[in-house]
Structures are given as C-alpha cells and as structure tokens.
Amino acid sequence: MFTMWREYAAIPLRIALGLIFFVHGARTLLGIFGGDGLARTGDYLASYGIVPGELWAVIAGLLGLFGGIALLIGLLTRWIAGAIAIEMIVSIVAINLRAGFSATAGGVEFPLILLASLLSLVLLGPQHYAVDEHLPGWSR
C-alpha cells in the first residue's frame, strides 16, 4: 500500500532535522530562540572537558545553523547528515551519557533519536524535492 511513497521517506526527516538543527545553531551562535549564545555555550562545553569551549561552540553552532538549512533544502544531504551525526556522537559520549536515560536531566534519549534519524538520512539520501537531485552524482 505504501510502496509508492517509499521514495519520499527522507522528506519528513529532512524537514524535522533541518528545523531542529537550524534552531539549535541559531541558539548557540546568536543567542536567539532562548539560546545562551557563544560565551555561555562555550563555558558549558568547557565544563565537560570539550576545550577550547568557545571554538567548539562556534563549530557546533555553524554546523547546526548551516547544516540545518542544507538538510531543509536537501543540499549535500548525506554529507551534512553524516557530519552532524559525528557531532551527536561526541555530544552523547561527552555529555549526555552522564545523565543516563533521564529525559528531564539532559539524558541520552533525545540525542540518540536524533543520531538514529541522521543515520537513516545518510542511508536514504535526499530522495525527492532536494537540491541534490539537480547535482550530478550527489543524489544517489
């Protein structure tokens, strides 16, 4: 019944992940959407041993902001999803695992589902309605 829709599976993933990472990146870089901004995010990362904290906050913020936009439009989808997946692995190992499976204490549940979704997008590729469809060699 749903076989004809199989090739559209990446669209909701791209939209959801793109929005989540765009907002996260904007919160980190610009301090909007209730974010802490670079200095406080850098201090937070440094408190977990990710140093220099502000440099990694810039990298994570840029990857989130521009990676989120790229996922939304389907630009370099597999590469961007893979890069953000690596960021999520670092976050899970360095920060979230300490809280365990506690949704209220910054636990591992949400980052883990983001990682699984990103890896699914790496495997699926951009599929339809993506800029990658118009770039030779990038869509499949």
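Q: Which residues of α1 are buried?
A: In this predicted model, the buried residues of α1 are A10, R14, L17, G18, F21, G25, A26, T28 and L29. Buried means under 20% relative accessible area, exposed means over 50%, and partly exposed is in between, with a 1.4 Å probe and protein chains only. Helices are DSSP runs of H or I with at least four residues, strands are E runs of at least two, and both are numbered from the N terminus.

Q: How are those buried residues of α1 arranged, seen down the axis?
A: They fall within an arc of 160°, so they line one face of α1. The arc is taken from the directions from the helix axis to the C-beta atoms.

Q: Why would one face show up like that?
A: An α-helix has 3.6 residues a turn, so residues three or four places apart point the same way.

Q: And what covers the buried residues of α1?
A: The cover includes α2, α3, α4 (77–94) and α5 (109–124). Contact here means heavy atoms within 4.5 Å.

Q: What span should α1 have?
A: At 1.5 Å a residue, its 21 residues should span 30 Å, and the end C-alpha atoms are 29 Å apart, which agrees. The expected span is 1.5 Å times one less than the number of residues.

Q: What about I15, where does that sit?
A: I15 is in helix α1. With 41% relative accessibility, I15 counts as partly exposed. I15 and I69 are 54 residues apart in sequence, and their C-alpha atoms are 9.4 Å apart in space.

Q: On to α2. Which of its residues are buried?
A: Helix α2 covers residues 37–47, and its buried residues are G37, T41, G42 and L45. Down the axis of α2 they fall within an arc of 145°, so they line one face of the helix. R40, D43 and S47 are exposed on the other side of α2.

Q: What covers that buried set in α2?
A: The cover includes α1 (10–30) and α3 (53–73).

Q: Which residues have a positive phi without being glycine?
A: L76 is one of them, at about 50°. L76 lies in the loop between α3 and α4 and is partly exposed, with a relative accessible area of 31%. Q127 has a positive phi of about 55° and is not a glycine either. Q127 is in the segment after α5, and is buried at 8% relative accessible area.

Q: Changing topic: what volume does the largest pocket have?
A: About 1100 Å³. A pocket is an open set of points on a 1 Å grid over the protein atoms alone, where a 1.4 Å probe fits, with protein on both sides within 12 Å along at least five of seven lines; lining residues have an atom within 4 Å of a point. The volume is the space filled by probe spheres set on the points, which are joined across faces, edges and corners.

Q: How many residues line that largest pocket?
A: The lining has 39 residues, and H24, Y44, L45, S91 and I95 lie nearest the centre. The largest share, 6 residues, comes from α4.

Q: Last one: what numbering and confidence limits apply?
A: Residues are numbered from 1 along each chain as its sequence is written. Local features need pLDDT of at least 70, side-chain atom pairs count only at pLDDT 80 or more, totals for chains, interfaces and linings use all residues, and side-chain values use heavy atoms, leaving out hydrogens and water.
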